[in-house]
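Subject: Two-chain model, handover and notes

Hello,

Please find the structure below. My notes on what was found in it follow.

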Amino acid sequence: MKLGSDSPEADPARTITIEAFADTIIPGEKRWPGDRAVAGAAPGPGAAAAGAVELLEQPGGGLAGALDSLTWALNDHAREYAAERGLALDDEVPEFVALPFEHRTALVQILTAPDHPEKAMWVGLALFSNMAFDSAAHMSTADAFATGHPGLRLMGYFPPDSDGYYRFSHFSYGRQLAPIHPNTTATGSPA
Amino acid sequence: MTTTESTDVLVIGSGFGGAIAAYHLAAGGARVVVLERGPWLNAEEFDHDFLLGSSYTRIFDFVVGDGMSVLSGNCVGGGSMVYFATMPRAPRFAFERHGSIGRRMWPASINRDTLDPWYDRVAEALPVTQQTWDKVPYAGGLFAAACAHAGRTANPAPSAVDVDMCTNCNWMMAGCRFDAKRSLLLNYLPAALAHGAEIRPMHEVQRLSRNDDGGYRVHYRVVDDEDYRILHDADAIDAKIVILAAGAGATPVILRRSEPELGTMPHAVGRYFSGNGERLNTAVFDEDRVRDVLGLSREGGLAYGAYQIGRGPTVASWDRLDGSLPEHERFSLEQLYFPPGLGTILAQVPDATGPTWFGVEKKEMLSRWQSWLTIFTMSEDDNEGVFGPPPETGNANRLSQQMLGNGPLRYEPTANTWRGWSLSDAAVKDILERDGLARVRPWTNDLVGAYTVHPLASCRIGDDPATSALDDRHELRDHPGIFVTDGSAVPGALTVNPALTIAALAERAMPGIVEAARLRGVDVTYGAPAPDGAVTARDAMPSSA
């Protein structure tokens, strides 16, 4: 595989590997027939479709400069993982992409376990993959709603008012729902 | 030859500890400069936007340590800008705790009775108000109803939110767009400015050194406005008195970095860190059971489905704040909202058959996000946090341009800490899973360790020089003229939200700090009213205080 290019456009191996990792964190349906990065393990779009690579490639996030080495290391771990288990890997795609979904999942569990020496970087990659899905941190929230961002949509995140700010006119059941603690002081604090 | 700038009082940090000090000293006539490492944003700059670089990443810090991650403010106003403004007083037993040292760890001069007048002063200044059930958001109401169903009590918690101005947007961690949250930008800080104090944002203090006249030189770097990984000019300011209020995650780091020039630090600087015994559980509610068992319904025919609506924690259950229970078995439970971004990844799937925090089942859990309820435990930990060697600058090696970094804190929870967490997990489960209301599970500690939004005790007050860095006047032992007034001064976990206690301790420290400044030749007096001129709490002070 060709790895290590500075330009993500010129390095489809990096993109497909990172997408496969993100798809393991929040899985999704295949984006097109023959989509290799996305395993198709869950209905609806997942973190790859939600923009995980776009978020990770933002210089401000802190992992952009490390994506080449993360790609290399992830595929190295996948190669080792497959060899230990006697799994044959399709050599047309990077090793992690070639792993079936349940094995991608098992490998991510290993890499993010508390005792793994590289835990911090894999947790970081998972954190940003998740953020692309649960908050669309690579785009303005207004744009995320305008383009129907799949994470916010799945979570049912309410849209803002027309000016982009949130106000909820209905917010309370409006009545006392529990007895207060008998030792509450006059200022409303615990005694 | 260049001349170093000088002032009477240099305040490091502009959260509660710094803002209160800056106000009283400036109002009393001292020249005050406040150095704040974060930006200075006002209401119109607070976004409701998850885009990296929006206000929430600019003013909020998430520092991952070894076994403990710390969330804190990073802006003018400090924690008051990003916190949820829940302001209970600490229960009486919290001041009597022994913690890990086998005897009372608070100074003999401080207990609930002696601190109450100072609580009153802060409550008047912000102000803090009692909350009423008719304004409690759905999530708080749901928690209250579940507590009642389980035979327990629940209280609307005192708050520094002006509820009539609040839109219940739940964007408090990004700063309050509507100035409903009574942050320090609305009271102590503008009052300090009116009395001539200067506040300089994007100034990160790195270390202190001592001058021949007994004063101190405070060395800082200017932080880039957008990329906090980039530091610009280095310079220094001389001061007769230094007040450290950089927060419990930063104050001990600055002091440790200063040790080669200042001399040996007290043993407790950078030790006895407490995460306030904090822990989170996230429940996913069955909407039908909420309606059928608890009898709740809201507009549109829904029972709940309103995790997103509200203003952080509004309802707390204090049944376990019982001083007759053994230490490490007392805790409060508070309903909480944690926004997406950092607020979903650590939540674990209650009945997972595969991975608990990611994967297919986690995605299913996310699809029910509006039916989530997060419960916040504040318990009694064992002050087991210790800071390792300081990073080259600041208190973390910054990973992202804003917000995310790795810091030197190590925290290995003891059996005592785990006892409180386990008991609270069981209580949460008992309340929320009763009669099929919800399924619940604690957040994982496997990814970023435990986590706290209320770092405490890393440079604490006490009577015993071996286990406290500060005397009961908040002066750093063996380093006269350096005072610490932030959360690091609090001796240990409080079992409730600590902001009001931090602020009350800062108010209490002020007469002594003013006196110390006078002894160092600063023309300053003590006795300012509340920032808006109110004098009720000041004039009610007992003479013994």
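Helices and strands here are DSSP runs numbered from the N terminus, helices being H or I with at least four residues and strands E with at least two. This is a predicted model, in which local features need pLDDT of at least 70 and side-chain atom pairs count only at pLDDT 80 or more, while totals for chains, interfaces and linings use all residues. Residues are numbered from 1 along each chain as its sequence is written, chains are lettered from A and ligands numbered from 1 in the order in which they are written, and side-chain values use heavy atoms, with hydrogens and water left out.

Backbone

Ala85(B) sits in the loop between helix H3 (79–82) and H4 of chain B. Its phi is near 65°, a positive value in a residue other than glycine. The peptide bond from Leu126(B) to Pro127(B) is cis, with omega near -5°. For background, most residues other than glycine have a negative phi, and most peptide bonds are trans.

Interface

Contact (heavy atoms within 4.5 Å) involves 76 residues from chain B and 69 residues from chain A. The two chains bury about 6,000 Å² between them, 63% of it on carbon and sulfur atoms; buried area is the accessible area (1.4 Å probe) that two parts lose on being put together, summed over both. Across the interface of chain B and chain A there are 34 residue pairs in polar contact, both residues at pLDDT 80 or more. A polar contact is a pair of N or O atoms within 3.5 Å; within protein, one must be able to donate a hydrogen and the other to accept it, and residues adjacent in sequence count only if both atoms are side-chain atoms.

On the side of chain B that touches chain A, the elements giving two or more residues are helix H5 (138–149), strand S5 (155–156) and helix H9 (360–366) of chain B. H5(B) supplies the largest share, 6 residues. That side has 43 nonpolar, 18 polar and 15 charged residues. The classes are nonpolar (Ala, Val, Leu, Ile, Met, Phe, Trp, Tyr, Cys and Pro), charged (Asp, Glu, Lys and Arg) and polar (the others, Gly among them).

Largest pocket

A pocket is an open set of points on a 1 Å grid over the protein atoms alone, with protein on both sides within 12 Å along at least five of seven lines; a cavity is a set where a 1.4 Å probe fits but cannot get out, and lining residues have an atom within 4 Å of a point. The largest pocket has a volume of about 550 Å³. Its lining has 26 residues, with Lys119(A), Ala120(A), Val64(B), Gly65(B) and Leu447(B) nearest the centre. H7(A) gives the most to this lining, 6 residues.

Note on methods: Points joined across faces, edges and corners; volume = space filled by probe spheres on them.
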